[in-house]
Amino acid sequence: MNGNEYVRTEVSGAVATVTIDRQAKLNALNPEVIAEIDAAFAGLRDDADVRAAILTGAGDKAFVAGADIGVLADMGTITGTEVSRAGQDVLRRIERFPKPVIAAVGGYALGGGCELALACHLRIASARARFGLPEVGLGIIPGYGGTVRLARLVGLGRAAELILTGDMIDGARAAEIGLANMVVPHAELTDRARKVAGRIAGNAPVAVRMALASLYGAVENTMDHALSFEATLFGLLASTDDMKEGMAAFLEKRKAVFRGA
């Protein structure tokens, strides 16, 4: 476990859990929290024992209830751009994290909190989850990538509805439109997130990493470029020990033991 003020990291087996704990402010993001989230993932990036990560918020009320409005209220044109870019950079590093990141959302995921969840690779919501991007009601727009990621995830029409109205939706509706991968009873959220993370961590680590790279390459590039990139990654995997182990285990009807090489 680390000693940061607002973000703690715990590792159990091959799964790390990063918890944002600023409950007095419903885990709202300020520059210190964002920096600690960034540092937590930087510390996990090269830890070969960690194969998947869960990102969650402390307490039963919020994942992250948004950005700290007290900080945003003092923005000007230059500082507003700087705030947006700083947040975008951290969330982009989470999106490009080489190991799967699962957002476990058990309460409010609003504004910057919703954007943080969108930057994760998977989102598991509890029945208490509430997602929303209410920024237009404050005279701004989502600034940490929300307009971009939400449109790509749920489609332009649904993204426009959520962003232009600022309305909140529950976990069931989030799952229905594809914002959340699944919704579970609140009491089961942590166990389900760990089960999914463990399932992923049991697969070949290099293949999982390259699958993520190919998936996001497909979203961000043309069809021809994405297909070429996929073929290159497929070829690279053919040279790994994990590929040989996986194929041998299948043919020998046993469980594969992957070493990430």
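## About the model

Residues are numbered from 1 along each chain as its sequence is written, and side-chain values use heavy atoms, with hydrogens and water left out. Because the model is predicted, local features need pLDDT of at least 70 and side-chain atom pairs count only at pLDDT 80 or more, while totals for chains, interfaces and linings use all residues.

## How H1 packs on H3

Let's start with the helices. Helix H1 (residues 31–45) packs against helix H3 (residues 77–95) at about 30 degrees, and their axes are 10 Å apart. This makes H1 roughly parallel to H3 (angles under 35 degrees count as such). The crossing of H1 past H3 is left-handed, a term for a near helix turned anticlockwise from the far one by less than a right angle.

On the H1 side, Ile34, Ile37, Asp38, Phe41 and Arg45 meet Val90, Arg93 and Ile94 of H3 (contact means heavy atoms within 4.5 Å). The residues of this contact comprise 5 nonpolar, no polar and 3 charged ones.

## The aromatic pair

Phe41 turns up again here. The structure holds 1 aromatic pair, a term for rings with centres within 6.5 Å. The ring centres of Phe41 and Phe97 are 5.2 Å apart and their planes stand at 80 degrees, so the pair is edge-to-face (planes over 60 degrees apart).

Phe41 belongs to helix H1 and Phe97 to the loop between H3 and strand E5 (101–105), so the pair ties together parts that are 56 residues apart in sequence. Phe41 is buried at 4% relative accessible area, and Phe97 is buried at 2% (buried means under 20%, with a 1.4 Å probe and protein chains only).

Key:
Axes fitted to C-alpha atoms, helices over the stretch in contact; angles between N-to-C directions. Helix = DSSP H or I, 4+ residues; strand = E, 2+ residues; numbered from the N terminus. Parallel < 35°, antiparallel > 145°, perpendicular 65-115°, else oblique. Nonpolar A, V, L, I, M, F, W, Y, C, P; charged D, E, K, R; others polar. Phe/Tyr/Trp six-rings, centres within 6.5 Å; stacked < 30°, edge-to-face > 60°. Buried < 20%, exposed > 50% of the residue type's maximum accessible area, 1.4 Å probe, protein only.
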